[in-house]
Amino acid sequence: MAKNTSKSPQKICLKNKIEVAKFSSEMIDQQLFMNKNSVIGLATGSTPHQTYRELIKIHVSRQRSWAQVKTVNLDEYYGVHRNNTQSYNYYMHMQLFNYIDIRKCNILLPNGTTSDPIAEAKNYEKKITDIGGIDLWLIGIGSNGHIGFNEPGSSRKSRTRLVNLSDTTITDNSRFFDKEIDVPTQAITVGIATIMEARKILLLATGKNKSRAINAALNEPIGPNCPASFLRQHPDCTFLVDEAAAELCKSDFS
Ligand code: F6R
């Protein structure tokens with residue numbers, strides 16, 4: 001393991017996605033061990049999939065309880081019902097929630113079928129504030145550098161809102177759908193400011209198709225061209241990547 005000791009972001013590069021999943025699940029478990037009332041921010045997509053498997057294993061093997069934990073997800077497709085198999089709500093239940101003892105009332109995801117996305121977004125921010133903010137937010141990164149669905153061009157001050165997905169994201173996400181035309185084109189996402197308020201952030205990236213985004217996030221000027229670059233301004237953020245994702249900036253991780 002190569003580890004950089006500078007304060008933030010901390011940069012950790014591991015061999016492959018299995019090691020990334022084990023390491024990230026241990027970091028989340030450590031948070032739950034320290035505080036059983038933790039508020040954990042979560043992401044969907046292919047990257048955290050294995051981390052959730054590891055967390056389920058830990059839940060069983062160490063009897064780590066999620067009964068008092070609250071979770072907050074980054075985003076939900078707009079126009080997709082929570083029971084639809086393509087919704088992020090459905091994903092979270094299938095990948096994690098159905099296998100741990102979390103209480104349904106402690107799960108927070110945007111309502112993707114609201115007729116009033118402005119009110120939904122405002123309410124989502126209020127709910128996050130009311131539960132005391134996020135202790136640790138697990139996030140992924142898009143191949144274009146997005147975090148949540150804050151696409152390139154998003155403001156550092158952005159808050160939860162309805163957004164249009166970029167063409168790159170629609171193409172990337174089409175691998176989960178039969179046809180590209182079926183991919184939702186909008187989502188309700190938390191903002192960059194919302195993510196930056198988490199007390200700790202853990203960004204995961206695996207695979208070669210993330211190498212440009214990781215390099216841009218760490219080395220290009222901080223700004224909306226690469227939304228993940230704003231994470232360099234966070235006081236406690238970890239970039240946890242595999243060797244393939246670190247390919248274009250190996251020296252950052254040495
Ligand atoms: C998902 C999310 C997105 C993904 C990103 C990477 O809730 O907010 O930012 O984390 O698009 O997706 P994968 O992991 O599928 O490559």
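Buried means under 20% relative accessible area, exposed means over 50%, and partly exposed is anything in between, worked out with a 1.4 Å probe and protein chains only. Keep that handy, since burial comes up a lot below. What you're looking at is a predicted model, where local features need pLDDT of at least 70 and side-chain atom pairs count only at pLDDT 80 or more, while totals for chains, interfaces and linings use all residues. Residues are numbered from 1 along each chain as its sequence is written, and side-chain values use heavy atoms, with hydrogens and water left out.

**The overall picture**

- The protein has seven helices and 11 strands; helices (H or I, at least four residues) and strands (E, at least two) are DSSP runs, numbered from the N terminus.
- For 254 residues, a compact globule would have a radius of gyration near 18 Å, and the protein agrees with that at 17 Å. That radius is taken over C-alpha atoms, and the globule rule is 2.2 Å times the number of residues to the power 0.38.
- Of the 254 residues, 56% are buried.
- The accessible surface comes to about 11600 Å², and carbon and sulfur atoms own 49% of it. Those areas come from the Shrake-Rupley method with a 1.4 Å probe, and for residues only the protein chains shown count as cover.
- Take the contacts (heavy atoms within 4.5 Å) between residues at least 6 apart in sequence: 76% of them join residues at least 24 apart.
- There are 31 positive and 25 negative charges, and their mean positions sit 5 Å apart. Here Lys and Arg count as positive and Asp and Glu as negative, with His and the chain ends not counted; each charge is placed at NZ of Lys, CZ of Arg, CG of Asp or CD of Glu.

**Helix 7 and its partners**

- Helix 7 covers residues 211-219, and its buried residues are Ser211, Ala213, Ile214, Ala216, Ala217 and Leu218.
- Those buried residues pack against strand 2 (10-14), strand 10 (201-205) and strand 11 (237-242).

**Histidine 59 and tryptophan 66**

- Histidine 59 sits in helix 2 (residues 49-61) and is buried, because its relative accessible area is 16%.
- Setting aside residues up to four places away in sequence, histidine 59 touches Arg64, Ser65, Trp66, Tyr99, Ile100 and Asp101.
- Tryptophan 66 is in the loop between helix 2 and strand 4 (70-73), and it's buried too, with a relative accessible area of 1%.
- Not counting residues up to four places away, tryptophan 66 has a list of contacts that includes Ile28, Leu32, Leu55, His59 and Ile100.
- Leucine 32 is 34 residues from tryptophan 66 in sequence, yet the two C-alpha atoms are 7.9 Å apart.

**Salt bridges**

- The count comes to 11 salt bridges, each one a side-chain nitrogen of Lys or Arg within 4 Å of a carboxyl oxygen of Asp or Glu.
- Arginine 199 pairs with aspartate 135, with the closest N and O atoms 2.9 Å apart. Arginine 199 lies in the loop between helix 6 (192-196) and strand 10, and aspartate 135 in the loop between helix 4 (117-130) and strand 7 (136-139), so the pair ties together parts 64 residues apart in sequence.
- Arginine 199 is partly exposed at 43% relative accessibility, whereas aspartate 135 is buried at 14%.
- Lysine 179 and aspartate 182 form a salt bridge at 4.0 Å, N to O. Lysine 179 is partly exposed at 49%, and aspartate 182 is partly exposed at 38%.
- Glu26, Asp29, Arg62 and Arg64 are linked in a network of salt bridges.

**Lysine 200 and its surroundings**

- Lysine 200 and aspartate 236 meet in a salt bridge at 3.3 Å, N to O. The pair links distant parts of the chain, 36 residues apart: lysine 200 is in the loop between helix 6 and strand 10, and aspartate 236 in the loop between helix 7 and strand 11.
- Lysine 200 is partly exposed at 26% relative accessibility, and aspartate 236 is partly exposed at 29%.
- Leaving aside neighbours within four places in sequence, lysine 200 is in contact with Asp135, Leu136, Trp137, His234 and Asp236.
- The C-alpha atoms of lysine 200 and aspartate 135 are separated by 6.0 Å, though the residues are 65 apart along the chain.
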